[in-house]
Each structure stands twice: as structure tokens, then as C-alpha cells.
Amino acid sequence: MKGRIELILGGVGGQGILTIGTILGEAALQEGLFACLSSSYGTEARGTFTRSDLILSEDSIDFIEVTAPNVVLCLAQTACDRLLPVLSPGGEILFDSDQVTAADFSGISSKGYPVTSMALERGYPRGANLIALGLLVKRTGAVTPESVLSVLSRKIASRSSGNKEPLEAFTAGYSAVL
Amino acid sequence: METAGPIFASGNEAIAEGAFAAGALFYAGYPITPSSEIAEIASRRMPGLGGMFVQMEDELSSMAAIIGASLAGKRAFTATSGPGFSLMQENLGMAVMGEIPCVVVNVQRSGPSTGMATKPAQGDVMQARWGTHGDHGIITLVPSSVQDCYDLTIRAFRLSEEFRTPVILLADAAIGKVREGVRYYPPTEEEKGVRPLPDCPPSDYRPFAFGGATPPLPPFGGDYIYRITGSMHDERGGQAANPGTADRVIRHLTEKIEGKRDRIVSVRSLALEDAEVAVCSFGCSARSSKAAVRSARNRGIRAGLLELTTLWPFPDGEVRSILSRVKAVIVPELNLGQVAREVERLNDFSCTVVRVNRVDGGLLKPEEILAAIEEGAS
């Protein structure tokens, strides 16, 4: 990646928004980039709106929040409702079309994918966030898929189960973008 | 833990790792948002380091426990946020009066009282200085990045030992929670510092000798038997509520820190050499300020940044120096002017001081600061 890319990742608590932000950040560091991930969340643990701001840059990052998002990811209707207004000109909304069903995208660059169904079809409902990560990486080119796979492999190796579902979910998302 | 390259970690994680690297072997605390990860990590890591983690019933006892652990010869720390920091003030005073090294991390959140638990604020600047009653000196360091969280925690432990005082690491929810690249390294012996032990015979030991070098502090339980009290005491620790002793003790507690500000105060400068407008900020607001200064420079405005990484003792000389040579000083902070008042106190130069404040739980946007810079430059 050249220059700087700003992403907002939106969803509800428990979907793994912060997890994919962390994976992207780790992948970026591995590529020698600067990365900064900040989150705002409510006091409730699950089910309410959560937003993570991720900045990846060749240069050091001053202000920690996103001001002009290149891409806004919405994995829940409430996230879309809240984040549509902050989309900057030229920015794109990437959303889960199973979750975001009522939004006026007129005049906005948007692209929906049935992320939840894809995860269910794989028998891995918890992997929806990793499918979304694949979509995000393919559409933005923020980091290479190899970097993400290497971060994921490292995380899997540190767990006892060691299954490959996360890698496959990411790859499925990545491949879904033509 | 040592890392080869940068790892992606939060400020809270880096504070915990910084404490372990500095040799901390005791943590007592009561978890509170947005500092809880520090307690969580300490609970996992302390046993493996040969140290101890204790979850206390509240913050009063947490502070008491780290004082006890420190007197037993261990490096000890706790972490909290506003409501807990309020409860710690009484025993923080005990650590001041007893001259007991320890590190207190306050990851600031919106207050007063329970306020907004997950939202950042910088409203505890004055509480860090004067939260515990009575005249005294105090050291307060402020990180503005995850790397700072690691580095300044190590420094906090060294300063606490060197000056036999509690040191407050005044972080905020934004910096505690943000994830960035950070390098963990083993600090040198000099960076870690050592607590001096007495070399005199036990009968000659005076734990509270006035003036001169900081008196050594042997661990409790050895040949050196001494008394720690929150009440007024003589050089041996005996009760001495008389005017002469009181005057000497209070002046000593203040002067041992205020008089050594050269060894304590640290600031960072960005583009101040030719600046006509200076921004003076700290913590998360310094990040917003840095972005604003760069934008101003891109627009041809000669702006610079003085970042205060030490808040107490206040960097009087450094702030005076910019006040004496710029048209305006902009002070962005997530409170209603606690640092701005300090800047104004030092303003003998008719310099324009512009406050930029936000207290709704959000971070200051660079544009808000840029607008103030433009106003100051005009």
C-alpha cells in the first residue's frame, strides 16, 4: 500500500469488529506500515453499536481517529444508520446485505455482500467478521492477503484447536470480490 | 517481554508490560473501566514473574497494599480511573508523607463521579497535583502514544525510587485503549534505577533525613527498624508535631521534587524554532494538536507544538520560553482549562493564551485546534 488509508469498521458488540481491526493492524505492522486502531463502544458488552477506526499509513499517525474514511464497513443496520452520515466524499460503504436491509445509498458508492449467509453456508457463523475482513482487504488493497493469512496462522497456532476455519473464511471473503 | 519488531498493542497493555520491565513485582487493584486491562494482564503475568497480584475490595485498600509492598522492598503499582483515583487520595498522602515509592496509573475517563465510563477526558490534572491534602510535591507523567505508555511507565518507577515518592502516570481512555505499534525492550539498569540501601549502622539510620540526597529505604523486616507514620515526624520517624519539624518536613516534601525539576521535567518540541503560534498540549490532545500543527504548516502558518510529557512539576521554564517569543499559545485539553490556567500563571509576556476545550466525551478534532491557531496567527 502507498500513502494512507482510513477505515471505519461498524457493527454491534460481539461481532468481532475489534478483532478484525486488530488483525488488519498487525498485518500492516508486518508490512512496515504504521497502524492505529481506536474504538468507541458503550458500557454494555454485547449487542449495541460499536465502531473501530483504523488508520494505516506509510507515515506516522498523529490524530488517532478517522476523519475521511476511504471505506466504511457496516455489519449491522444500526452501524449503517450511524455511519452513513460520516462517509466522506469519494468514500465507499461496504456492507452485509443480510443485516443492512434499509438504507438509502443513492449518490453513495456502496457494495453489499451476503456476509451472514456466506458464514452460515460454511457452517461457521462466528466467522462472518473474517469473511468481511477478506472483502475489505480485497476491495481496499490496504494490506496483502498473505500478511493477513500469516497473522491469522499465528493466532491459530497459539490456540489448542488449531482449526483452519478462520483462514478459509478470510479467503472466501477475499475471493467473493471479483 | 522483549519484541524484535513493533507489536500491535494497546496503551493499557504497554503500561502493564512497562511495569514488568521496570521490575514491578506487586500489583494490587480494583479493576475499573477504562483501565481494567492493566489489572487483567497483571493477574496473568505476575505469578510467572515471581510477583503477586491481589484484587482488593476497593481502591483505598489497593493503595494501602502497594504502600505495604513497597516498604517490603518490592516495586509496586496499581491502576485505576477517576472514581478509584478519588478513593486513593487518602493513602496517596500516606505515601507522600512516608516517602514511599510507588506508581499509580490513572487512565482518565469523563467525570465527575462515575461520569461516562468509556469516554476519554483529561479532567484529573489538578487532582493529580492536589488531590491529596496538604502541601507536597508530586510527579505526574503523561503518555500520548502506546510507546510512551511503555517508556513512561519505566520512567515512573525510576523516578519514584529516585525521589522516594508516589508517581502518577496520567493516561487517558483514548491512549489507554488505542492500539499502535510498540517496541518492548529490556530497560538498562540506569533506566530502571535502584532504591538505595543504607550503609550506616542500623542505629544511625534516619529514614527521613532532611535535605541532601534522598535517604535510602531498606525493606521492612531487616536489621533497620524504623517507623512510618502519616503524622508529623522527625528524621527517625518518631512523632514530632512541633512547629520547627512541621515546617522542615513540609518544605522538604515540596522541595525534594520542585527543586529537582531539571531531573524530572520532560517535554517534546515540534517545529517550535521559528514558530509564531505555539500549541501547548498533552496526552491524547497532543495527538490532535500535532495533526493541527502540521496542517497549519501546510497552510504557511508558522505553528509549533510543545508537548508536556511531565505535568507535575509543571514545566514552568519551557512554557515561559514559548510565551516569551510567540504571538499566541493555544492550549487544547479535554477539560475546561486546567493546564491553560497554569500557562496563564506564567504569562508575564502579554502573550495571547487561547483555550480549546472539549468535555463531551469526544476527542478534540485537529480542525478545532487549527481554527484557534489561525486565529492566534492573525
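# Briefing on chains A and B

The charged end of Lys138(A) lies over the ring of Tyr174(A), 5.0 Å from its centre; a charge sits over a ring if NZ of Lys or CZ of Arg is within 6 Å of the ring centre and within 35 degrees of the ring normal. The model is predicted, so local features need pLDDT of at least 70 and side-chain atom pairs count only at pLDDT 80 or more, while totals for chains, interfaces and linings use all residues. Residues are numbered from 1 along each chain as its sequence is written, chains are lettered from A and ligands numbered from 1 in the order in which they are written, and side-chain values use heavy atoms, with hydrogens and water left out.

**Charge over a ring in chain A**

- Lys111(A) likewise has its charged end over a ring, that of Tyr113(A), 5.5 Å from the centre.

- Strand E2 (residues 24-29) of chain B has 5 of its 6 residues buried, where buried means under 20% relative accessible area, exposed over 50% and partly exposed in between (1.4 Å probe, protein chains only).
- Helices (H or I, at least four residues) and strands (E, at least two) are DSSP runs, numbered from the N terminus.
- E2(B) runs parallel to strand E4 (residues 75-80) of chain B, joined by 3 bridges; two strands pair if DSSP finds at least two bridges between them.
- Within E4(B), Ala76(B) is the bridge partner of Phe26(B).
- E2(B) also pairs in the parallel sense with strand E3 (residues 52-55) of chain B, over 4 bridges, and Gly29(B) has Gln55(B) as its bridge partner there.
- A right-handed β-α-β unit is made by E2(B), helix H2 (residues 36-45) of chain B and E3(B); right-handed means that, with the strands pointing away from the viewer, the path from the first strand over the helix to the second runs clockwise.

**Aromatic pairs**

- The count over all chains is 11 aromatic pairs, with rings of Phe, Tyr and Trp (its six-membered ring) pairing if their centres lie within 6.5 Å; planes under 30 degrees apart count as stacked, over 60 as edge-to-face and the rest as tilted.
- Phe77(B) and Phe157(B) form an edge-to-face pair, 5.9 Å centre to centre with 75° between the planes.
- Phe77(B) lies in strand E4 of chain B and Phe157(B) in helix H6 (residues 146-162) of chain B, so this pair ties together parts 80 residues apart in sequence.

**Domains of chain B**

- The assignment gives domain 1 (7-192) and domain 2 (266-377); such bounds come from an automatic or database domain assignment.
- The centres of domain 1 and domain 2 of chain B, taken over C-alpha atoms, are 26 Å apart.
- Contact (heavy atoms within 4.5 Å) involves 27 residues of domain 1 and 24 residues of domain 2 of chain B.

**Backbone features of chain B**

- The peptide bond from Thr33(B) to Pro34(B) is cis, with omega near 0°, and Pro34(B) is in the loop between E2 and H2.
- The bond from Gly111(B) to Pro112(B) is also cis, with omega near 0°.
- Glu99(B), not a glycine, has a positive phi of about 55°; this residue is in the loop between H4 and E5 and is buried, at 2% relative accessible area.
- Ala271(B) also has a positive phi of about 55° without being a glycine, and at 23% relative accessibility Ala271(B) counts as partly exposed.
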